[in-house]
Amino acid sequence: MKVDAQQIAYSNVDPIIEKRKRKPPLWLKGFVLPAVVIAVWQLIAGLGFVSETVLPSPLLIVQSFISLTLSGEIFGHLKISILRALCGFLLGAGIGLTLGLIVGFSKRSEGYIDPTMQILRTIPNLAVTPLFILWFGFDELSKILLIAFASFFPIYVNTFNGIRSVDAKLFDVARVLEFSKGKQLTRLIFPASLSSILLGIRLSLGAAWLSLVVAELMGSSSGVGYMIMDARQFSQTEKVFVGIIIFGIVGKLTDSFVKILEKRLLKWRNSFDGVN
Amino acid sequence: MAVDIQIVEKSFHMETTKNIVLNGIDLRIEEGDFLTIIGPSGCGKSTLLKIMAGLDTEYKGVIDINGRIVEKPAIAQGFIFQEHRLFPWLTVEQNIAADLNLKDPAVRQKVDDMIEIVRLKGYEKAFPSEISGGMSQRVAIARALIRDPEVLLLDEPFGALDAFTRQHLQDVLIDIWQKKKITMVLVTHDIDESIYLGTDIAILRANPGELQKLVHVGLSYPRSRTDPSFQAIRQKVLKEFEKTDTESYKDGEGI
């Protein structure tokens with residue numbers, strides 16, 4: 001028995017580490033739910049309970065995906081969609097960030113600007129769509145402006161809130177150290193509200209992506225949204241699914257990108273990130 | 001060259017009543033002196049320090065530092081808060097530099113020297129969340145000192161630290177004071193700390209906050225807490241507290 005105990009003590013196998021190794025890594029866990037859903041789906045579709053125009057089997061969708069990729073059709077649509085979303089986002093988020101900084105920084109501009117913004121904020125995106133079409137037609141401009149309109153508010157609100165929640169005690173420090181207005185902004189206000197701003201960017205990107213679909217569905221001759229509408233008219237349900245999946249994947253990728261950005265820029269922060 | 005404090009009255013106004021916090025404080029701190037201010041909670045010692053810093057300007061009276069009237073916070077009156085109040089997104093060296101540019105060789109040199117003085121070598125690139133409370137307070141002191149203040153004001157700077165760290169930092173502070181020959185004013189509620197550090201001790205009483213007595217310590221540095229002469233001063237300070245005890249606490253206030 002004594003020998004056994006020693007062997008355990010000297011062997012390199014640490015029971016705790018071994019136990020950890022056997023657990024699946026975190027990223028793998030995210031795939032469990034979709035895998036189950038797809039398996040069940042394939043099963044239902046394979047048994048022929050529902051028509052393929054209503055619910056095509058995952059296999060059919062994959063085939064459609066591959067053929068669309070090989071023909072290059074998908075990339076053309078994706079490129080124009082991303083370009084639209086990006087232009088709209090940069091425009092809307094840029095103005096939102098600037099205005100959020102100004103209004104957050106100065107009480108006076110808050111009085112003048114914020115009430116109007118709060119009114120505009122509550123207007124649903126879809127409600128202004130007809131107006132945008134009326135003013136700017138079905139061109140790219142109306143689409144980009146619609147996306148900009150949607151992505152403006154999340155970043156505006158979060159930047160404003162971020163600045164207003166900067167610790168007043170640190171402002172005392174800035175006063176004692178005689179920070180200039182510029183240094184107050186770059187060394188105190190901006191870094192302190194950066195986590196809120198990044199959250200705003202994430203939400204804005206989501207909003208941009210969302211309104212891109214609205215903009216493309218309402219009428220266009222290219223883009224992933226158009227591809228979906230076009231496929232619907234010809235009852236190519238599997239193609240509709242491919243479009244939806246692409247929206248999902250790109251949305252997730254952009255979100256992950258901001259999250260990585262967050263991790264790098266906010267590495268000074270050690271906040272709770274969930275129990276294992 | 002000295003710090004002149006003349007506070008006629010400082011009060012907080014409630015809805016109907018007026019609460020006098022400081023009343024008729026008249027003090028002169030000679031250049032290079034180390035004044036410790038001690039008193040029971042609510043005697044207005046922190047308020048007095050904030051007034052000296054220019055952080056609180058609503059009072060009757062005048063603060064004069066080397067012939068200049070204090071009207072707002074400034075680098076000349078370095079201030080150390082009870083909590084370290086470092087910028088969590090800046091590293092130790094960036095915190096010390098704060099609004100100064102670390103790429104400037106002169107600033108770089110000063111920061112490096114200061115890190116040496118507060119004994120933080122090896123931690124330049126650490127974030128405040130990665131260092132202890134005592135180290136953080138040393139960074140805060142370095143941040144104030146690098147700006148060459150005429151007077152350094154410390155508001156219970158070691159109050160939140162454990163006994164060992166506190167003693168260590170007291171020694172660090174004396175070291176800095178002797179090296180830099182800078183006037184210091186430190187507020188504390190720890191009698192030993194006030195005697196260990198100060199050339200003079202201002203004892204305040206509460207309700208209203210008034211100067212009870214100014215005690216000159218007159219012991220050479222470094223001091224020993226167990227030394228009879230240290231204990232003698234301790235008795236003297238304690239006696240002063242006894243005198244005011246019954247008065248200060250009569251309404252259960254000031255505790």
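Two salt bridges (a Lys or Arg side-chain nitrogen within 4 Å of a carboxyl oxygen of Asp or Glu) are found across the interface of chain B and chain A. In one of them, A:Asp172 pairs with B:Arg85, with 3.7 Å between the closest N and O atoms. The model is predicted: local features need pLDDT of at least 70, side-chain atom pairs count only at pLDDT 80 or more, and totals for chains, interfaces and linings use all residues. Residues are numbered from 1 along each chain as its sequence is written, chains are lettered from A in the order in which they are written, and side-chain values use heavy atoms, without hydrogens and water.

The contact (heavy atoms within 4.5 Å) involves 21 residues of chain B and 17 residues of chain A. About 2000 Å² is buried between the two chains, 67% of it from carbon and sulfur atoms. This buried area is the accessible area (1.4 Å probe) lost on putting two parts together, summed over both.

The structure holds one cavity of 30 Å³ or more. A cavity is a set of points on a 1 Å grid over the protein atoms alone where a 1.4 Å probe fits but cannot get out; lining residues have an atom within 4 Å of a point.

Definitions and conventions. 1 Å grid on protein atoms, 1.4 Å probe; cavity = no way out; pocket = protein on both sides within 12 Å on 5 of 7 lines; lining within 4 Å. Points joined across faces, edges and corners; volume = space filled by probe spheres on them.
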